[in-house]
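Here's a quick briefing for anyone meeting this structure for the first time. Have a look at the picture, then read on for the main points.

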Amino acid sequence: MAAVTEPMFRHCYTRPTWTCVVDGDEWPCASAKSELRHQFGVRGRVFMDYFLNRLREARLDLPDEDDWLLVKRFVLWSPEDHR
Ligand SMILES: [Zn+2]
């Protein structure tokens with residue numbers, strides 16, 4: 001299986017607000033999580049790398065956001081978690 005480094009999905013984020021371009025929710029929104037889950041399958045290294053990179057970018061864009069909230073939002077959610 002080829003490595004997925006840059007997933008393609010409809011519910012993508014817009015910077016610097018990190019909201020979903022489709023529904024305006026905080027990214028990753030529930031639909032983005034669902035799409036990402038289908039592309040990555042189970043949570044693996046590629047999945048984690050992708051979100052750690054997004055977390056680094058969001059950290060720069062959202063300097064007032066709480067560190068722990070950002071980590072929870074980008075890294076510690078479960079693919080099964082549909083808020
Ligand atoms: Zn969305």
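Helices H2 and H3 cross in a right-handed way. Their axes come within 10 Å, at a crossing angle of roughly 145 degrees. Keep in mind that this is a predicted model.

**Where H2 meets H3**

- H2 covers residues 45-61 and H3 covers residues 67-74.
- On the H2 side, the contact is made by Phe51, Arg54, Leu55, Ala58 and Arg59.
- H3 brings Leu70, Val71 and Phe74 to the contact.
- What kinds of residues make up the contact of H2 with H3? They split into 6 nonpolar and 2 charged, with no polar ones.
- In general, two packed helices are described by the angle between their axes and the distance between the axes.

**The overall layout**

- The protein chain has 83 residues, and 14% of them count as buried.

- The average pLDDT of the protein chain is 84, and 81% of the residues score at least 70.
- Among the elements, strand S2 (residues 19-20) has the highest mean pLDDT, at 96.
- Helix H1 (residues 30-40) has the lowest mean among the elements, at 84.

**Helix H1 and its buried side**

- Which residues of H1 are buried? They are Ala32, Lys33 and Leu36.
- Looking down the axis of H1, you'd find its buried residues within an arc of 100 degrees, so they line one face of the helix.
- The general rule behind this kind of pattern is that an α-helix has 3.6 residues a turn, so residues three or four places apart point the same way.
- S2 is included in what covers the buried residues of H1.

**Ser31, also in H1**

- Ser31 sits in helix H1.
- Is Ser31 buried or partly exposed? Ser31 counts as partly exposed because it has 16 C-beta neighbours inside 10 Å, and being buried takes 20 or more.
- Leaving aside residues up to four places away in sequence, Ser31 touches His11, Val22 and Asp23.
- Ser31 and Cys12 are 19 residues apart along the chain, and their C-alpha atoms are separated by 9.7 Å.

**The loop between S1 and S2**

- Strand S1 spans 13-14, and Pro16 lies in the loop between S1 and S2.
- The peptide bond running from Arg15 to Pro16 is cis, with omega near 5 degrees.
- Trp18 has its place in the loop between S1 and S2.
- Trp18 has a phi near 60 degrees, which is a positive value in a residue other than glycine.
- Why does Trp18 count as partly exposed? Trp18 has 19 other C-beta atoms within 10 Å, and a buried residue needs 20 or more.

**The loop between S2 and H1**

- Pro28 is found in the loop between S2 and H1.
- Trp27 and Pro28 are joined by a cis peptide bond, and omega there is about 0 degrees.

Methods
Residues are numbered from 1 along each chain as its sequence is written. This is a predicted model: local features need pLDDT of at least 70, side-chain atom pairs count only at pLDDT 80 or more; totals for chains, interfaces and linings use all residues. pLDDT is the predictor's confidence in each residue, from 0 to 100. Helices (H or I, at least four residues) and strands (E, at least two) are DSSP runs, numbered from the N terminus. A residue is buried if 20 or more other C-beta atoms lie within 10 Å of its own, exposed if 12 or fewer, and partly exposed in between; C-beta atoms are placed from the backbone. The arc is that of the directions from the helix axis to the C-beta atoms. Two residues are in contact if their C-beta atoms, placed from the backbone, lie within 7 Å. Axes are lines fitted to C-alpha atoms, for helices over the stretch in contact, and angles run from 0 to 180 degrees between N-to-C directions. A crossing is left-handed if the near helix is turned anticlockwise from the far one by less than a right angle, and right-handed if clockwise. Ala, Val, Leu, Ile, Met, Phe, Trp, Tyr, Cys and Pro count as nonpolar, Asp, Glu, Lys and Arg as charged, and the others, Gly among them, as polar.
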